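Welcome! Try each task before reading its solution.

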Amino acid sequence: MTREFAAWADPRSTHRSRPASWHNPFQGALKDIRLVGRNWRWGRGALSPGDVERLPVQQRRSALPVPVRASLRDPFVGWLRRVKVEVTGLSSRSGDARVALAHVESGADLAVLLEAIPASWNVVTTRVPKALAQGRSVLIVTDFASPSAVDVVAQAAQLATRFERAVVPVVVRRLAVSPQVASRLPTLRNVDEVLVRYGDEIRDANPVTVAQRSFDVVGDLLAEDDATWWQVVSGQVTSPLVRSMPAWRRLWERTDPDRDNARTRRRIWA
Amino acid sequence: MSRPGFALEVDERTPPTLVRSASDVRLERFSLGTQIVYPPDGQPWGDAVSATAEALASPIAGKPWTARLWSGMRLTITFADISVLTPPAADDPRRVVVEQLLTAAAEAGVDDVVLIAATGLRRRLGPDDMRRLLGERVSRSFASDPRLTSHDASDDTTLMTIGESEGVQIRFNRRVVESDLVVHVSVVTGAEHAGLDEFTSGLASAETIDLAYGWKGDPAPVRQVVSDRVDAISVAVVLGQPSYSGPVRFVSSREWEWSIKEQAAYLGSRRALATAPVQAGRFLYADRPVAYPVLGVFSGTLDEVRQSAQATLAGHQRVAVKGSADVLVTGVPPVHAAAPDGDGSPLGAAWWVLHHAYGLGGETPIVREGGAVIAFHPLGDRFSTRHYGAAADMIAEVLPETSDPDEIATRFLPRFAADPWYTDLYRQRGAYHPLHAFHQWFDLQPAIAALGDVIFVGANRRTAEVMGFRAATTYADALEIASTRLGRRPAITYVRDAVGVQVAVS
């Protein structure tokens, strides 16, 4: 020990912890309120400093973002809602009008999608032609494995080409389904992991081409369940066509714990 | 969409100003005439996807990205680690860039692809870190085999010698050297980001990093060797000021614009943090991703990209202040470059204040020579000894013996560097490399030599004393301590948020 320290700071001296005392959680609260309320005028907000008054008008206003529907990606709120959503492949948050064509398999998937879709897209689900004519985005959902999917996708492609909008394929995948247990508080074991996968935008003048490519892209997005994204884009796996089967069998297959070794977590550290 | 930052001179109408002290927040009244530096703010804008596609198709110079690819090539993508982009982004731009690089590589038939996090002496990344940076798609595609890794600065099997300087072998990541093409993905939010130095310090051996960036190190020979031996290009995403939303939106708002909701949120946070344990602050801030505006994306050689990215960043971040201050005041956020997990050591907090905030002025320091720095941080002993084991031992064993960097570099550094315990923690347990703590201490030395006083408000007195700083209970006490050297009316500059701002002293 070569350095000299003040007696109260000497690392060699024995340190006695303070005796436990009751902590008043409201201590200092009045002072905080006084500080926050300083220069506050009811109905008109706080006084602006003199330097701010001398700034150009456009620099005085607040330009911070208003909180939007990102709550489901917030781990805390997601935990409360027993769902953890991860969005992948989203290529643009711009407000350009487009046709979001989504593959969903349940009402719960649709609810997740409605929360996770960018608020800036401002999608509507009704009066689709009118909305597209007004320059708004629309959301069209279907189960690509259902018999009616061909018609729905064809109509979506027709609308997109007629109004010269891009089609954005989306799939919602629930990776783990936990039984709803009767507990008052949610626990981590009950968290569902939901992936919302966006495909690349499809633009073409021919609606048949758009429909066909929509099926292809959705097939690729679904193929990421069994393979990995890299295997799909590098052509190592062929996209499986969406097989027609009852909903319970799809759920059964997707939640099989032995289904996908690629999903197991391995250590990165050697 | 954005409004520039500015320097506010405190007058009678200026409300108390927000100060951050690790996870704590408080309002502080500054004396009349104090200059408060506000960073630029605004609605997040910019489309990382289209900007990246454009940058890859039209690099600053040279061929487009797709023209550099051929089937059968060995491609390595390196990327900046979690110390860049703090607080973490809600949608990390590295994911966008890497996905576009990989998509083009797949179309060109490139199979041999490896991704390496350029962690250097910082902690190696785990699966959750990789997923946070690169997204579910890329991390799940590559993490299941050794194609997605963190650089290991102490693993002889993954390093190879590429030159020699001052009798020390210059060793670099083997895969990077042997690749046909290396792409380094950077995120630029500060003056130290992007370029050859970030690349070299992230992918060299510990001895090489110490030779170039350690005490009295000279990076020039190492830079030269790396430039000669590695064919690397770079993609850099330049980001602006982060903006919090939700319950902590008041952190980003200017105080006179606080709504009643934000005032209530501030008061609620104060009560919650005063009542709850220290870890609650981490829950409140550290895990809360924020939105960043995208200012631009550049691709090209490492030096070209750094030059363009830094010019763009400076144009956005620079705030002019009048004259050098006698006293620089700054807070320390809970999550910053030296504490990306929100569990940083006192050494990291000191590094943030005396290296990062002190250096915001660039060539002209914000505070004059002989001036003082007043910072808000508890310098507490509740930090992760798993991540910062060497820093804990340095504070407990080395600094009580000596604070002289020459003596530390010759007496203690070799012992720590050769200790297999620290090396094992670094390689296997996600700890920072033992040299990292020493380099942080060395980084503080220019500021310590130039300043008269360094005072931490609300700090643990023992820790402050061991590190050679002063501790004060309140801001007024800190000014009282500084006044013995600087007089009763010093010129004060407060940098309200040292993230996303550069200070130009006129």
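Two strands count as paired if DSSP finds at least two bridges between them. Keep in mind that this is a predicted model.

**Exercise 1.** Find the strands that pair with β5(B), and say which run parallel and which antiparallel.

*Solution.* Start with strand β20 (residues 492–495) of chain B: three bridges join β20(B) to β5(B), and the two run parallel. Here B:Gln35 stands opposite B:Thr493. Next, take strand β2 (residues 6–9) of chain B, which is joined to β5(B) by four bridges and runs antiparallel to it. In this pair, B:Ala7 faces B:Val37. Finally, look at the side chains of β5(B): B:Gln35 and B:Val37 point one way, B:Ile36 and B:Tyr38 the other way, and all are buried.

**Exercise 2.** Trace the open sheet of six strands in chain B and name its edge strands.

*Solution.* Follow the order β9-β8-β7-β12-β13-β14, where the pairing is mixed. The edges are β9 (148–150) and β14 (294–301), each pairing on one side only. From one strand to the next, the twist averages 20°. Now zoom in on β13 (residues 232–239) and β14(B): they are antiparallel, with seven bridges, and B:Val235 stands opposite B:Ser299. Across these two strands lies helix α1 (residues 48–57) of chain B, at about 25° to β14(B).

**Exercise 3.** Describe how α2(B) packs against α3(B).

*Solution.* First, the geometry: the helices meet at an angle of about 35°, and their axes are 7 Å apart. Then the contacts: residues including B:Val98 and B:Leu102 in α2(B) meet residues including B:Leu134 and B:Val138 in α3(B). By class, this contact has five nonpolar, one polar and four charged residues.

Technical notes
Residues numbered from 1 in each chain as written. Chains lettered and ligands numbered in written order. Predicted model: local features only at pLDDT ≥ 70, side-chain atom pairs only at ≥ 80, totals over all residues. Axes fitted to C-alpha atoms, helices over the stretch in contact; angles between N-to-C directions. Contact = placed C-beta atoms within 7 Å. Nonpolar A, V, L, I, M, F, W, Y, C, P; charged D, E, K, R; others polar. Buried ≥ 20, exposed ≤ 12 C-beta atoms within 10 Å, placed from the backbone.
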